[in-house]
Amino acid sequence: MKLVLRAEKRTWSAGEEVAVQLIAINDSYEAVALDRRLLVGPNPVPAKLEGIPFPVSVEPAFSREEQNVVMLNPWCFYGRERFWKFPAGRVTFYGYLLRRPVEGMPPEGPKDYEALAVAAEPLVLRVR
C-alpha cells in the first residue's frame, strides 16, 4: 500500500479554499482489504498555529463491520479530500494508515510506531 498527499498547487492565496487529497493506492498485484477507519488524514499543521489545533481527519465507523472495509484491487485507490482556509504562512499536511486502532492520533502519526502501517510523504504548501 502506498499513500500520497496531493494538492492542485503548492502556493495558495490567504482566504482561498485549500483542497488536499490523501490517496491510498494498492501498488501490489493482489487485492488488499483497507479498513477506512484506520486511514488518517489529510491533517494540516500550520507553521503558525492560531487557536486550537485542527482535528485529525478520519471517517466515522459503520455499525456493521463489513461496511468499514474497502477491497482494493491491484492498482486501484481509495481516498478523501478535505478543504480549509488558512492565513498566510506555511502549512504541512500529514497522512498515514494504521495497522490497528490506537489511543490518540497526532496529525503527524501515531505515538505507537508499531501501529503505523505506512505514512505519506508530508506535503508542504505556502499560503501568501
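Author: A polar contact here is a pair of N or O atoms within 3.5 Å; within protein, one must be able to donate a hydrogen and the other to accept it. The model is predicted. The side chain of Arg80 reaches the backbone oxygen of Gly41 at 2.7 Å, and a polar atom of that side chain also lies 3.0 Å from the backbone oxygen of Leu39. Arg80 belongs to strand 7, residues 77-85. Its relative accessible area is 6%, so Arg80 counts as buried, the cut-off being under 20%. Beyond its neighbours within four places in sequence, Arg80 is in contact with residues including Val20, Gln21, Leu22, Arg36, Val40, Pro42 and Glu59.

Strand 5 pairs with strand 8 (residues 89-98) in the antiparallel sense, over six bridges. One of the residues involved is Val40, whose bridge partner in strand 8 is Tyr96.

Aromatic rings complete the picture. The whole structure holds five aromatic pairs. Among them, Tyr29 and Trp75 are edge-to-face, at 5.8 Å centre to centre with 70° between the planes. This pair links distant parts of the chain, 46 residues apart, with Trp75 in the loop between strand 6 (69-72) and strand 7. Tyr29 is exposed, at 67% relative accessible area, while Trp75 is partly exposed at 48%. Phe86 and Phe93 have ring centres 6.1 Å apart and planes at 75°, so they too are edge-to-face.

Terms used: Residues are numbered from 1 along each chain as its sequence is written. This is a predicted model: local features need pLDDT of at least 70, side-chain atom pairs count only at pLDDT 80 or more; totals for chains, interfaces and linings use all residues. Side-chain values use heavy atoms; hydrogens and water are left out. Helices (H or I, at least four residues) and strands (E, at least two) are DSSP runs, numbered from the N terminus. Buried means under 20% relative accessible area, exposed over 50%, partly exposed in between (1.4 Å probe, protein chains only). Contact means heavy atoms within 4.5 Å. Two strands pair if DSSP finds at least two bridges between them. Rings of Phe, Tyr and Trp (its six-membered ring) pair if their centres lie within 6.5 Å; planes under 30 degrees apart count as stacked, over 60 as edge-to-face and the rest as tilted.
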